[in-house]
Amino acid sequence: MERRPTTLLAELTHRCPLHCPYCSNPLDLKRSNAEISTEDWKRVFTEARALGVLQLGLSGGEPLVRRDLEQLVEHARDTGLYSTLVTSAVGLTRERTVRLKEAGLDHVQISFQDSERELAEQIAGTRSWDAKQQAAEWVKELGFAFTVNVVLHRANLDHLGAIIDKAAELGADRVELANTQYYGWAVSNREALMPTRAQVDRSEGIVDRAVAKYRGQMQIVYVLPDYYSAYPKPCQGGWGNLYIVVAPDGRAMPCHAASQITSLHFDSVRDRSLAWIWEESSAFRAFRGDEWMQEPCRSCPRKHLDFGGCRCQAFALTGDATRTDPVCTLSADRAVIDAMLDGEPAPYQYVYREMGAVAGAPLLVGKA
């Protein structure tokens, strides 16, 4: 079976002005001196397009801290890639927004943490509300396609209706309501971030009503949080089938959280072409197809629907990336999930994302 990737997520840097406790970046954040060069990124974009990639996400950390961002956007345009800037918008100026438009940027996705300033800045760990509001105005003024992204968790899920209304007020074409995925820093904060069952049950009705309210004006994308589902979601359309992530240090991975699977080796674009990594590397081949599957996945009729679920989640919760995703009700490990759901909610006390932090050490702890 020939596989061709459609999407490249370029994590340009781990540097970021925000300290979000749900951040999916790894705990071992790479500093600027580990980041690959402008020319390396340009080569990666060219190789990605040759492989069939159509969509490029420019992400981080905060990609705006890269001084070569405009050069990278221009090169992406010249190679025929549709580019999205995934940003906190902190540090964005109108002049730079204009330069990015002139360079060929197609789409801007701005993260918001809540519908209200106080809680939004408490979650972000820094003042950021005014910068985001202003950036949204410039993005609309200059005619970019515009998405608002909000990561949902226990502290803000009760504001879901107001969050959707806020996205519409900002003029978003699309709002992405992304329930927290428990990788990276979110693992350290899982007990404080996990919503209650009642919150999750209420959220579906709120979204249904908002979809009807904003039909034809704004697309609303809401995904039920994994732990509350009966079956896992398909992992990026199947491991190594559609998606490539390149980390700031050049390691290429099948998804943004894959680096936590310590049993895998991830080749770097410093040493290998993207085509070789896609077609030949052990990490990309590890969970393609179904030969790697254990039972009950191996004989399950759903195995070509959800591909056994998330390999990163299986590894994080069981220590074995080949096991069935414990979210699945058919998994022998489902009790791990049920114990989390049935536990008493923990206080809102966060370990905030910080460069140089030691895993599990609360360098900056606050309450929401």
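This is a predicted model: local features need pLDDT of at least 70, side-chain atom pairs count only at pLDDT 80 or more; totals for chains, interfaces and linings use all residues.
Colleague: How do I judge the length of helix α1, and what span should its 14 residues have?

Modeller: The general idea is to set an expected span beside the distance between the end C-alpha atoms. At 1.5 Å a residue, helix α1, residues 38-51, should span 20 Å, and because its end C-alpha atoms are 20 Å apart, the two values agree.

Colleague: Which residues of α1 are buried, and what do they pack against?

Modeller: The buried residues of α1 are Thr 38, Asp 40, Trp 41, Lys 42, Val 44, Phe 45, Ala 48 and Leu 51. Their packing partners are the strands β1 (7-11), β2 (55-59) and β8 (243-246), together with the helices α2 (69-79) and α10 (274-280).

Colleague: Is Arg 334 buried or exposed?

Modeller: The general idea is to compare the relative accessible area with a cut-off, and buried means under 20%. Arg 334, which lies in helix α14 (residues 334-342), has a relative accessible area of 10%, and therefore counts as buried. Leaving aside residues up to four places away in sequence, Arg 334 touches Tyr 227, Ser 229, Pro 326, Val 327, Cys 328, Thr 329 and Leu 341.

Colleague: How many cavities of 30 Å³ or more are there, and what lines the largest cavity?

Modeller: A search of the whole structure gives six of them, and the largest cavity holds about 80 Å³ of space. Its lining includes Cys 297, Arg 302, Asp 306 and Cys 328, and the lining residues divide into six nonpolar, two polar and three charged.

Technical notes. Residues are numbered from 1 along each chain as its sequence is written. Side-chain values use heavy atoms; hydrogens and water are left out. Helices (H or I, at least four residues) and strands (E, at least two) are DSSP runs, numbered from the N terminus. Buried means under 20% relative accessible area, exposed over 50%, partly exposed in between (1.4 Å probe, protein chains only). Contact means heavy atoms within 4.5 Å. On a 1 Å grid over the protein atoms alone, a cavity is a set of points where a 1.4 Å probe fits but cannot get out, and a pocket is an open set with protein on both sides within 12 Å along at least five of seven lines; lining residues have an atom within 4 Å of a point. Grid points are joined across faces, edges and corners, and a volume is the space filled by probe spheres set on the points. Ala, Val, Leu, Ile, Met, Phe, Trp, Tyr, Cys and Pro count as nonpolar, Asp, Glu, Lys and Arg as charged, and the others, Gly among them, as polar. The expected span of a helix is 1.5 Å times one less than its number of residues.
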